Amino acid sequence: MRLWTGLLDLLFPPKCPFCGSVRDKPEICPACWKALPWTEEARSLRELEGGLRCAAPLWYKGIVRDGIRRFKFHGAAASAGPLGELVARAAAERFPGEFDTVTWVPVSAKRLRRRGYDQSRLLAESACRCWGAAPERLLRKVRDNPAQSGLSGAAERRENPRGAYEAAGDLSGKRVLLIDDVCSTGSTLNACGEALRAAGAAEVVCAAVAFPAPEEA
Ligand SMILES: [Zn+2]
């Protein structure tokens, strides 16, 4: 793994995920850190429609939107390091002692083949590295529903991911932190939360990099 990381550094030098400036290690540069649209204390935690709670440190706008889009759609997989650390911080602040395992919202096999990586899995791996742990694959996407970003109606977005995920095995008593990149309507997280609970999970809390900015929600 270390050799591989070294090779990647040579081919793709570490960059700030938001402005793309080259850094010594994958990190958010000080200028972006200052300019980032942080969700302030009271709004960094949201209760989703199905009752799940989700924490996110940033608003999805400006440099955050650009950075996440590069991360998801333009191969900037290395951004998972610093973005995952942000997710870890938000989860640790908002849900201390409330979860004992970490998983992610998986992409479909088809999308994984096309993109080459599962962005939320990378975020979960990076978040877990902060805690000296590793995420568990607890969910599987069993239906290739249309991307949420391509749907316009709120009702459509709410229904679209329902039943698209299945949990693996018996999760009796597990308290799960579920990680995704952006928490928009929360319907995808809800669908995953329902699958985890159906498999016996005792608790599900969620964390993402960003919430939709209030004026764009
Ligand atoms: Zn930057």
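A residue is called buried here if 20 or more other C-beta atoms lie within 10 Å of its own. With that term in place, I turn to the structure, which is a predicted model.

I begin with helix α6. Its buried residues are Gln119, Ser120, Leu122, Leu123, Ala124, Ser126, Ala127 and Cys128. That makes eight of the eleven residues of α6, so the helix is largely enclosed by the rest of the structure.

Helix α3 is our next stop. It runs over residues 62-73, and at 1.5 Å a residue its twelve residues should span 16 Å; the C-alpha atoms at its ends are 16 Å apart, which agrees. Which residues of α3 are buried? They are Val64, Gly67, Ile68 and Phe71. Seen down the helix axis, these buried residues fall within an arc of 95 degrees, so they line one face of α3. The elements they pack against are β3 (58-60), α4 (80-94), α6 (119-129), β7 (175-182) and β8 (203-212). Just after α3 comes glycine 75, with a positive phi of about 75 degrees.

Let me now move to the nonpolar core. The largest one has 54 residues, and Ala56, Val87, Ala207 and Ala210 have the most contacts inside it. Leaving aside residues up to four places away in sequence, alanine 207 touches Cys54, Ala55, Ala56, Val87, Ala90, Ala91, Leu177 and Ile179.

Is cysteine 29 buried or partly exposed? It has 18 other C-beta atoms within 10 Å, and therefore counts as partly exposed. With residues up to four places away in sequence again set aside, cysteine 29 touches Cys16, Cys19, Ser21 and Arg23. Cysteine 29 and proline 82 are 53 residues apart in sequence, yet their C-alpha atoms are 10 Å apart in space.

Finally, the chain as a whole. It has eight helices and eight strands. For 217 residues, a compact globule would have a radius of gyration near 17 Å, and the chain agrees, with 17 Å. Along its principal axes, the C-alpha trace spans about 45 × 40 × 35 Å. Of the 217 residues, 37% count as buried. Among contacts between residues at least 6 apart in sequence, 73% join residues at least 24 apart.

Methods. Residues numbered from 1 in each chain as written. Predicted model: local features only at pLDDT ≥ 70, side-chain atom pairs only at ≥ 80, totals over all residues. Core = buried A, V, L, I, M, F, W, Y, C linked by C-beta atoms within 7 Å. Buried ≥ 20, exposed ≤ 12 C-beta atoms within 10 Å, placed from the backbone. Contact = placed C-beta atoms within 7 Å. Helix = DSSP H or I, 4+ residues; strand = E, 2+ residues; numbered from the N terminus. Expected span 1.5 Å × (residues − 1). Arc of directions from axis to C-beta. Rg over C-alpha atoms; globule rule 2.2 N^0.38 Å.
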